[in-house]
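Open the model in your viewer and keep the selection tool ready. The stops below go from one selection to the next.

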Amino acid sequence: MKIQQNISLKEFNTFGIHVNAKRFVSIESLYHLQELLKTEKDVFLISGGSNMLLTRDIDKLVVHINIKGISIDRENENSVHLTVNAGENWHEFVLWCISEGYGGIENLSLIPGNVGTCPIQNIGAYGVEVKDVITKVEAIEITTGKMHTFSNEDCEFGYRNSIFKNEAKGKFIITSVSFNLTKQTHKLNTSYGAIEKELNERKIETPTIKDVSDVVISIRESKLPDPKKIGNSGSFFKNPVISKDLFEKLQKKHPNIPSYSVSNTEIKVPAGWLIEQSGFKGKRFGEYGVHEKQALVLVNYSNASGKDVYDLAKRIQKKIFEDYSINLEIEVNII
Ligand code: EPU
């Protein structure tokens, strides 16, 4: 456990933004994390760095959570219960599950980031959210060093939301996540339009979990930039949920506005559509811009500053409010 001085965080965040960490330590075991917390309480955590926009240098000790390992807690012929340490890469974990024949997270293929952060924003894609398979989350309380177990219910999961973004924010370090996955009779979720279409094109009538994963990977690759090539953090904004009244007003002006019903009084509208209509899709401003194939994704072409990207996000929010009276909420953590 070696504390390093003045490290660039460019390699540690998927946006590829350079900021300086005054002090930096990479932690590879629970024991080392507990030891560290005995003396260091004011820490800044970084894991896969896939849901943050760094806009300033970090003066606190940056703790890179790199604890690896997967264990099978119990299994029977139908299901398996696994505990996965926080530093495992999410997509590699998904691929490993598919190779072992474990189903439930195939729709979440190719999502950047690590296992330890998947519960924080309740990652979701193509009709599945990780909350559907999480049984518990283990975390250390920073001030006391004590381990806490959060059941699925304790996590208070919502759309891109959990207790770790609210009451528990900044108080805990997630060390492992446990999942219940299927071994037989997988509950495939292929209802999302693009998945069905792609399966039909491939003439697959009875898909396996691998088929679904392959299809999800190809859909994501066709729309979303690979963070290894173009810095980004996936969806920068949440899809806004608006009142039915406002939706009906907007529909009169924009008859083709897409929507998903949330309840009798609320409607979800794709932020990507709003941003595209407002003229930002594919716009490049030097080092940063809005992705050409998915307007919900802001990108860093190489050396943008976090502040540049954040200013662009604020410009987009202002324009969407002017055009549609909708407040777009940022999904990524602004640091
Ligand atoms: N759309 C546009 N223009 C765009 C993008 C989208 O008009 O540039 C419209 C289209 O009408 C399209 C609809 O938006 O039919 C939905 O688009 P898409 O299927 O790409 O999904 P999304 O709502 O834009 C959400 C998640 C993604 C997830 C996909 C698939 C949020 C904030 N984003 O995007 O999650 O991969 O659904 O399930 O909920 C992420 O969180 O980082 C992420 C990529």
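**Stop 1: the ligand**

Select the ligand and K281: an N or O atom in the K281 side chain is 2.9 Å from an oxygen atom of the ligand. This is a predicted model, in which local features need pLDDT of at least 70, side-chain atom pairs count only at pLDDT 80 or more, and totals for chains, interfaces and linings use all residues. Residues are numbered from 1 along each chain as its sequence is written, and side-chain values use heavy atoms, with hydrogens and water left out.

For Y192, the distance from a polar side-chain atom to a ligand oxygen is 2.7 Å. Of the 810 Å² that the ligand exposes when taken alone, the protein buries 81% (Shrake-Rupley method, 1.4 Å probe).

Now show the 23 residues that surround the ligand (a heavy atom within 4 Å). The closest are Y126, Y159, Y192, S235 and E276.

**Stop 2: the domains**

Colour domain 1 (4-65), domain 2 (70-182) and domain 3 (231-334) separately; the bounds come from an automatic or database domain assignment. The C-alpha centres of domain 2 and domain 3 are 27 Å apart.

**Stop 3: between domains 2 and 3**

Which residues supply 78% of the area that domain 2 buries against domain 3? Select Y159, R160 and K165. Then pick R160 with E331: they form a salt bridge, with the closest N and O atoms 3.8 Å apart (a side-chain nitrogen of Lys or Arg within 4 Å of a carboxyl oxygen of Asp or Glu).

Key: Buried area is the accessible area (1.4 Å probe) that two parts lose on being put together, summed over both. A polar contact is a pair of N or O atoms within 3.5 Å; within protein, one must be able to donate a hydrogen and the other to accept it, and residues adjacent in sequence count only if both atoms are side-chain atoms.
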